[in-house]
Amino acid sequence: MTTTTKSPQDVVEHLGKLIHGIKVAMMTTVDSDGSLRSRPMWTYDKDFDGELWFFTNDHTHKVDEVQKDHHVSLAYSDPTRDRYVSVSGRCALIRDKAKAKAKELWNPALKAWFPQGLDDPNLALLRVSVEKAEYWDTPNSKMVQLVGFVKAVLTGDKYQPGDNQKLDRGAPRRN
């Protein structure tokens with residue numbers, strides 16, 4: 001994979017494009033014994049601004065975990081388009097009493113988990129303020145990949161199938 005020089009804003013924008021359309025992320029939290037636990041979380045398609053949002057029931061084990069240790073990791077994968085994204089940051093539980101953010105993000109499919117909809121008393125949000133991210137993005141065309149592979153074999157250069165970027169946003173703005 002090639003690593004080209006891009007501005008942090010370009011990387012953030014591309015990161016948002018890569019995440020867009022991937023419905024599920026694996027969220028990893030730190031359990032009380034220090035072990036890592038991962039579970040699928042539904043991602044919301046909105047413009048990425050450095051924060052990712054997830055609905056949750058506020059009485060779950062993951063909520064207990066993120067309140068004790070705010071560090072989380074999210075893994076996005078779309079093998080059909082050769083897109084892979086790893087994100088880490090700090091997670092905060094948001095009990096949005098006015099439900100303003102919840103209304104903005106609400107999708108009717110969420111009624112499967114929250115039958116009372118936005119009126120569910122246990123409904124809460126998890127906000128992940130992204131600190132670091134890395135992505136691997138390979139051209140969609142199998143022909144482009146094949147040409148790159150053949151070129152590497154013929155020239156003796158290492159095969160680099162796509163773009164790899166790292167982003168370090170530093171400490172979150174809030175938490």
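My entries follow, from the overall fold to single elements.

Entry 1, basis. I worked with a predicted model, in which local features need pLDDT of at least 70, side-chain atom pairs count only at pLDDT 80 or more, and totals for chains, interfaces and linings use all residues. Residues are numbered from 1 along each chain as its sequence is written, and side-chain values use heavy atoms, with hydrogens and water left out.

I found four helices and seven strands, taken as DSSP runs (helices H or I, at least four residues; strands E, at least two) and numbered from the N terminus. Along the sequence I read the order α-β-β-β-α-β-β-α-β-α-β.

Of the 175 residues, 41% count as buried, that is, under 20% relative accessible area with a 1.4 Å probe and protein chains only.

β3 pairs with β6 (residues 123-137) in the antiparallel sense over seven bridges; pairing requires at least two DSSP bridges between the strands. Within this pair, Trp53 stands opposite Arg127 of β6.

In residues 61-68 I listed Lys62, Val63, Glu65 and Val66 as the buried ones. They lie on the same side of α2, because they cover an arc of only 160 degrees around the axis, taken from the directions from the helix axis to the C-beta atoms. These buried residues pack against β1 (24-30), β2 (36-42), β3, β4 (71-78), β5 (83-94) and β6, where contact means heavy atoms within 4.5 Å.

Terms used: Buried < 20%, exposed > 50% of the residue type's maximum accessible area, 1.4 Å probe, protein only.
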